[in-house]
Structure formats: structure tokens, C-alpha cells
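Biologist: I have a model open and would like to learn how to read a few of its features. Could you take me through them?

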Amino acid sequence: MTNAGMTDDENTNGESGSKAAGGGNHTLYMIASIVLAFVVAWLAPHFAASLEVGGEVFLRLLTMVVVPLVMASVMSGILGLGDVRRLGKPGAAAVGYYLMTTVLAVTIGVIVVNVFQPGVGVNAEQMLAASDTETVDALADSDEHPKGIGDIFKNLLLMLFTDNLLGSMVDTQLLPLIVFSIVFAGMLTTMGERAQLLSTLVTGINDALLSFVMLLMKFAPIGIFCLVTSKFGEAFAQGTFVEQLNQLFWYVVTVLTGLGIHALIVLPFILWFFTRRNPYEFIRQMSDALLTAFSTASSSATLPVTMECAEKKAGVSKRSTEFVLPLGATINMDGTALYEAAAAIFIAQIHSATHPDFAFGMTEQIVIAVTATLAAIGAAGIPEAGLVTMLIVLNAVGLPVHYLPLILPVDWFLDRFRTATNTFGDSVGAAVVDQTFPKDAETTSLPDVVSVA
């Protein structure tokens with residue numbers, strides 16, 4: 001029912017404008033909370049570190065909903081197609097997009113580290129003397145992680161399947177859950193009216209979980225403040241973060257430059273080329289997800305927010321959001337692949353300075369690029385994934401792993417930027433793959449989408 005003298009369209013537009021305004025204010029609150037978090041962490045680091053419990057509660061609430069949301073959303077997306085065979089073209093497009101952007105990210109990482117050469121002139125011995133090498137040594141001696149490309153392929157294949165569905169839920173192993181959800185929902189599409197009740201239940205659960213995420217996001221500025229404040233407060237309280245940042249200044253600049261090129265130039269161009277959407281307006285629409293990714297440093301924990309932003313704010317169709325984003329959060333790791341390629345070559349530059357006989361040319365850099373691409377995808381589900389994948393890349397070209405502690409002091413800091421890059425890459429993928437879904441599929445209107453065509 002509308003107000004007197006107001007048409008339905010005018011009333012709808014007014015509601016949309018109100019929602020958009022509210023979303024804009026919410027984003028400003030999140031940005032303000034991050035800025036305030038930096039200030040508090042710098043001025044009162046010990047107090048800031050004590051806020052860890054608040055951030056942990058927010059992170060657990062986000063993580064809590066990931067598994068049921070992934071399974072319900074993937075099933076809902078398949079059921080919405082009506083026939084699982086219609087998933088073929090979007091599925092191929094999604095995989096093609098993941099491979100293309102990961103290769104581009106690695107290439108950018110290799111180029112920027114060769115241009116900046118951050119490893120030249122680094123006093124490795126002095127920095128290593130103050131580093132804790134126990135964790136790296138323990139992982140290097142372990143037989144529980146992949147040792148080379150063959151192990152990566154094996155690990156990737158095994159990650160698709162599980163011998164215990166409940167165990168995968170407990171361990172948040174999303175890839176086998178996605179495979180199960182696709183197969184199970186695909187089976188339901190062949191059962192006709194017999195599966196109607198179950199299909200309705202799955203759709204209802206999915207809608208309820210998204211509503212829960214929207215409720216949780218009302219408290220996001222507080223949770224993000226606690227997360228960022230506690231992490232940076234801990235770093236400032238130790239009194240070594242600024243010194244470490246100064247010692248690794250050019251390395252940090254190199255990685256951030258590479259991530260910036262990929263996230264602000266390459267991915268926006270891909271979005272514009274395939275969809276003709278204004279990429280920077282799209283970034284604004286996805287800003288809540290990107291800020292959450294920066295705060296949590298976890299693509300999986302951010303997934304509920306990414307899905308909510310993509311569908312409700314960026315206007316990506318529900319089918320694409322429900323299928324592409326859960327898969328992307330699991331295997332699409334652009335920022336991680338770029339970082340690992342840059343970090344490995346950084347370590348190679350340091351090693352070459354003290355070992356002139358170490359051969360490191362174009363062939364070795366290609367090996368690093370290929371290994372970083374595969375490791376970012378195939379080793380994502382193992383414990384200490386960041387360290388383990390770096391060990392794989394270093395081993396591939398014979399670089400000693402004892403240099404790895406050099407980059408660990410700033411790894412947690414850079415991790416936030418590469419997670420935000422991963423999340424943005426996932427959302428761009430959802431918008432691009434959206435173009436390949438059947439034209440008669442249910443679509444969502446595009447709120448505030450600005451075309452540049």
C-alpha cells in the first residue's frame with residue numbers, strides 16, 4: 001500500500017534510495033572504525049590488545065554461518081537453474097576466470113619484484129638473528145605438507161572429496177562441501193515433485209541465513225574495531241613492528257604495489273570489458289565486504305558479507321552469487337599467488353647476494369610463477385597454509401627455507417591486503433560469470449549500477 005499521491009514506482013525508488021543511503025552510512029561507520037582502531041592501537045597499545053575477545057566474538061559469528069550458508073546457497077543456486085546441465089557454461093566460465101586472474105596476478109608479482117628489487121642490499125644475517133625460526137623449521141621437517149607440484153595436484157584432487165561430510169563441516173573444508181552440494185542439488189532437479197518440499201526447505205534456509213548475515217552486519221563496525229585494534233595493538237605493544245616495517249620497507253611497498261595494480265587496474269578492466277559496468281562504482285558497492293576482508297584476513301569468514309553485498313548492493317544475480325562466490329572463496333586466491341611469487345623472488349635476491357654461484361634466471365622465475373599459481377589453489381585447505389605454500393614455492397627452485405622468517409614479521413599485515421584482493425577478485429568473478437547464465441534465469445535488478453558504455 002502506497003501513500004496518497006505517490007505512485008508505486010516512486011515509492012519503490014524512495015525505498016531504494018533510503019536503503020542505498022543507509023548502506024553508504026554503514027560503510028562510513030566501518031571505515032571510521034578502522035581509522036579509530038589504528039589511532040587507539042598506536043596511542044594505547046596495551047589497552048588495544050585487550051580488545052581481542054570482542055574481535056574474536058565477531059569473527060566466530062561470521063565463521064559460524066559459513067558452512068551452512070555455503071551448502072544452502074550452492075544448493076539453492078543449482079535448484080534455481082531447474083536443470084543441473086545448465087550449469088556447464090557458467091561452471092566453465094568460472095574456472096576459466098579463476099585461472100586467468102591467478103596467472104595475471106602471479107605475472108604482476110614477478111614483474112614488480114624485478115622492478116623494485118627489494119631484496120638487494122638487505123642485511124639478512126642481522127634480521128635472521130632476531131627472528132624466531134622454530135615454526136619454519138618444524139614445518140620444513142614435517143612430512144604432512146606437499147613437497148612439490150605432483151603433491152599439489154594430488155592434494156587438489158583429494159580436496160574435492162571427503163570421507164566424512166560432518167568432519168568437513170567441523171573443519172570448514174569448503175571444497176568437498178561444495179562438490180557434495182552441487183551433486184545433491186543436481187540430483188534433486190531430476191526428482192520432480194518428490195523433491196519439492198526439500199527444495200523449498202533449502203531455499204528457505206538460504207534466505208534465513210542471509211537475513212542473519214544482514215543482522216550481523218549491523219554490528220560489524222564494532223567487531224571490526226575490536227579486530228583491527230587488538231591486532232595492531234599487539235604489534236605496537238611488542239615495540240618492534242615499526243622497526244620491522246622500516247627494515248622491510250621496499251618489500252612491503254613491492255607487494256602492496258603489485259596488489260594495487262591487480263585490484264585497482266587489472267580486475268576493474270576485466271569487469272568493464274566483460275560487463276561494461278563502472279568498476280569503481282562496483283568497488284563502492286562491495287566496500288563492506290572488502291573492509292571486512294581487511295579486518296578478518298579470511299576470505300572464508302568474509303564470504304557471508306561478500307554474498308550479501310554482491311546480491312543486495314551490486315545487483316549480481318542470485319544464481320551467480322550462490323554458485324561463484326563460495327567456489328571462489330575456496331580456490332580463487334589472486335592476492336595470495338601474487339604475494340608468494342613476489343616473496344619467493346625477494347628471498348632469491350637476498351640469497352644471490354651471498355651466494356654468487358646460485359643460478360637464478362628466467363627459467364627459475366617461470367618455475368616460481370607456475371608453482372605459486374598451483375600452490376595458491378591446491379594447498380589452500382591445509383594447516384598453516386601461508387607458510388606451507390611458501391615452503392613449496394621455495395623448494396621448487398632450491399631456495400633455503402631458513403630465509404622465510406625474514407618476511408614473517410610483516411606477513412600478518414600484508415595478509416589483510418591480499419585477502420581484500422582475493423575477495424574483490426571473487427566478486428568480480430561473480431559479476432563476469434553472471435553474463436553466462438541462461439537468459440531466462442531469474443535476474444536481480446541492478447541498484448545504482450552506473451554504465452560506462
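This is a predicted model: local features need pLDDT of at least 70, side-chain atom pairs count only at pLDDT 80 or more; totals for chains, interfaces and linings use all residues.

Biologist: Is Asp288 buried or exposed?

Modeller: Asp288 has a relative accessible area of 3%, so it is buried. It lies in helix H16, residues 287-296; helices here are DSSP runs of H or I with at least four residues, strands are E runs of at least two, and both are numbered from the N terminus.

Biologist: Which side chain does Asp288 join in a polar contact?

Modeller: A polar contact is a pair of N or O atoms within 3.5 Å; within protein, one must be able to donate a hydrogen and the other to accept it, and residues adjacent in sequence count only if both atoms are side-chain atoms. Here the side chain of Asp288 pairs with that of His26 at 3.1 Å. For plain contact, meaning heavy atoms within 4.5 Å, the partners of Asp288 beyond four places in sequence include Met30, Met217 and Lys313.

Biologist: How do I read a helix pair?

Modeller: Two packed helices are described by the angle between their axes and the distance between the axes. Axes are lines fitted to C-alpha atoms, for helices over the stretch in contact, with angles from 0 to 180 degrees between N-to-C directions. For H4 (residues 66-81) and H17 (residues 299-312), the axes come within 9 Å and cross at roughly 50 degrees.

Biologist: What do we call that orientation of H4 and H17?

Modeller: Under 35 degrees is roughly parallel, over 145 roughly antiparallel, 65 to 115 roughly perpendicular and the rest oblique. H4 and H17 are therefore oblique to each other. On the H4 side, Val66, Leu69, Val70 and Ser73 make the contact, meeting Ser300, Ala301, Leu303, Pro304 and Met307 of H17.

Biologist: And the loops?

Modeller: Look at Gln117, between helix H5 (88-116) and helix H6 (124-129). Gln117 is not a glycine, yet its phi is positive, about 45 degrees. Its relative accessibility is 40%, so Gln117 counts as partly exposed.

Note on methods
Residues are numbered from 1 along each chain as its sequence is written. Side-chain values use heavy atoms; hydrogens and water are left out. Buried means under 20% relative accessible area, exposed over 50%, partly exposed in between (1.4 Å probe, protein chains only).
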